[in-house]
Amino acid sequence: MNEILLGIDPREQSIPALVWAAAEAERRGLALRLVVVVPPAHDRVRYDALAHQSALRRHAESAIDNAEDLVRELHGGLRIATERVNGVPATVLRDLAAHAALVVVGSRRLGRAAEVFSEGSVVVPLAARAECPVVVVRVPEHAVHPPTLVVGVDGSESSRAAVDFAVEETSLREARLRAVWVWPPSVLAHEDVAGGLAERRRLLAESVAGWAQRYPDLAISQQVVRGHPVEQLALASQESLALVVGRRGRGGYSGMRLGSTVHGLLHRAMCPVITVPLPLREGRTGDPAWADRSRSRTTGRPRPDDPLGTGAPRPPRGTVGREDDPGPSVGSPER
């Protein structure tokens with residue numbers, strides 16, 4: 001877990017995502033791994049597929065070279081590793097995310113149906129299934145004074161994980177944390193508004209209790225608001241460096257179980273959105289194979305040997321790209 005993973009789209013590089021990931025790696029003192037995934041061409045005849053794959057590989061090499069150059073220009077002392085992998089982007093990045101502290105991706109602003117069902121979709125499947133927090137940088141991080149992060153709270157286990165992450169991130173940035181509990185309107189005609197508000201304020205206070213002792217310099221404000229969660233948190237995102245939300249469940253490939261609130265925020269939030277999964281249960285952590293897993297670039301451009309010091313190479317799902325590898329042919333399995 002000594003690196004931040006940045007997924008690079010060979011067709012449309014997200015500069016805001018790259019800038020965010022590089023700054024976060026420097027803040028945390030971690031290495032930055034730049035990964036570009038070349039997808040298979042299942043919908044083409046073999047001749048067209050080979051030509052298409054060759055073009056995609058050229059775009060991938062150009063994209064990752066440009067990304068590395070920009071990162072080195074912005075953060076000269078940052079440890080960087082790069083690689084190109086053949087496979088389904090969401091699947092490859094999900095596998096690599098198991099060994100990262102964070103995974104960062106941009107957004108191609110696909111429609112909701114395309115983000116859920118398209119093979120080229122990355123954001124929704126990755127945010128729904130990655131084992132580490134996923135940062136979706138749809139718009140650049142904007143200046144906020146005073147610097148503030150927002151975390152969505154609802155008393156669930158997933159929101160407690162979000163609060164844990166948000167506190168750490170806020171402390172790293174020496175910022176303020178705003179904990180927001182959104183209370184949807186009720187259909188009941190005679191609702192005890194005063195009692196419901198008092199109860200939610202109590203639950204919100206319990207959700208952030210204890211952090212003042214561990215981080216005495218951290219300022220945490222608490223707010224209960226009425227309205228639709230997506231609308232209210234999207235509104236709060238306008239005055240936030242990042243919006244942190246919990247993720248319920250692990251979902252299927254389609255990301256259907258990502259949750260309507262998180263899914264909506266990926267489209268409407270006006271700052272980077274960080275989705276935080278539930279912590280892995282005891283017995284699923286500490287896998288010694290993780291420490292030995294290494295993924296290295298395969299092009300001829302000179303690089304330091306194993307810059308992350310992660311040991312012997314072990315490719316993730318998908319084939320590590322090579323100059324003489326035409327990529328998966330039509331009808332061939334990815335794995």
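This briefing covers the fold, cores, helices, salt bridges and backbone features of the structure above.

The model is predicted: local features need pLDDT of at least 70, side-chain atom pairs count only at pLDDT 80 or more, and totals for chains, interfaces and linings use all residues. Residues are numbered from 1 along each chain as its sequence is written, and side-chain values use heavy atoms, with hydrogens and water left out.

**Overall build**

- The protein has eleven helices and eleven strands. Both are DSSP runs numbered from the N terminus: helices are H or I with at least four residues, strands are E with at least two.
- Of the 335 residues, 50% are buried. Buried means under 20% relative accessible area, exposed means over 50%, and partly exposed lies in between (1.4 Å probe, protein chains only).
- Among contacts with a separation of 6 or more, 80% join residues 24 or more positions apart. A contact means heavy atoms within 4.5 Å.
- Accessible areas come from the Shrake-Rupley method with a 1.4 Å probe; for residues, only the protein chains shown count as cover.

**Nonpolar cores**

- The largest nonpolar core holds 51 residues. Leu6, Leu32, Val104 and Val151 touch the most other members.
- Another core lies apart from it, with 35 residues, among them Val35, Val180, Leu233 and Leu266.
- A nonpolar core is a set of buried Ala, Val, Leu, Ile, Met, Phe, Trp, Tyr and Cys residues joined through side-chain atoms within 4.5 Å.
- Leaving aside neighbours within four places in sequence, the contacts of Leu32 include Ile4, Leu6, Ala22, Val71 and Leu78.
- In soluble globular proteins, nonpolar side chains tend to be buried together.

- Ala22 lies in helix α1. Ala22 counts as buried because its relative accessibility is 0%.
- Beyond its neighbours within four places in sequence, Ala22 is in contact with Leu32, Val71, His75 and Leu78.
- Ala22 and Leu78 are 56 residues apart along the chain, yet their C-alpha atoms are separated by 8.0 Å.
- Ile15 is also in α1, which spans residues 15-28. Its relative accessibility is 42%, so Ile15 counts as partly exposed.
- Ile15, Val19 and Leu74 form a nonpolar surface patch with about 230 Å² of accessible area together. Patch residues have over 30% relative accessible area and no salt bridge; like charges are joined within 9 Å, and nonpolar side chains (Val, Leu, Ile, Met, Phe, Trp, Tyr) within 5 Å.

- Helix α3 (residues 89-97) is mostly covered, with nine of its nine residues buried.
- Buried residues of α3 pack against β1, β2, β3 (80-86), β4 (102-106) and α5 (123-129).
- In helix α9 (residues 229-237), the buried residues are Pro229, Val230, Leu233, Ala234, Ala236 and Ser237. They fall within an arc of 160° seen down the axis, so they line one face of the helix. The arc is that of the directions from the helix axis to the C-beta atoms.
- That set packs against β6 (148-152), β7 (176-183), β9 (243-246) and α10 (260-268).

**Salt bridges**

- There are 13 salt bridges. Each one is a side-chain nitrogen of Lys or Arg within 4 Å of a carboxyl oxygen of Asp or Glu.
- Glu3 and Arg33 pair at 3.1 Å, N to O. They link distant parts of the chain, 30 residues apart: Glu3 in strand β1 (residues 3-8) and Arg33 in strand β2 (residues 31-38). Both are buried.
- Asp95 pairs with Arg94, with the closest N and O atoms 3.1 Å apart. Asp95 is buried at 14% relative accessible area, and Arg94 is buried at 15%.
- Glu169 and Arg173 pair at 2.9 Å, N to O. Both lie in helix α6 (residues 157-173), four residues apart, about one turn of the helix. Both Glu169 and Arg173 are buried.
- Shared partners join Glu24, Arg27, Arg28, Glu141, Glu168, Glu169 and Arg173 into one network of salt bridges.

**Backbone features**

- His145 and Pro146 are joined by a cis peptide bond, with omega about -5°. Pro146 lies in the loop between β5 (134-137) and β6.
- Glu174 is not a glycine, yet has a positive phi of about 55°. Glu174 sits in the loop between α6 and β7, and counts as exposed because its relative accessibility is 71%.
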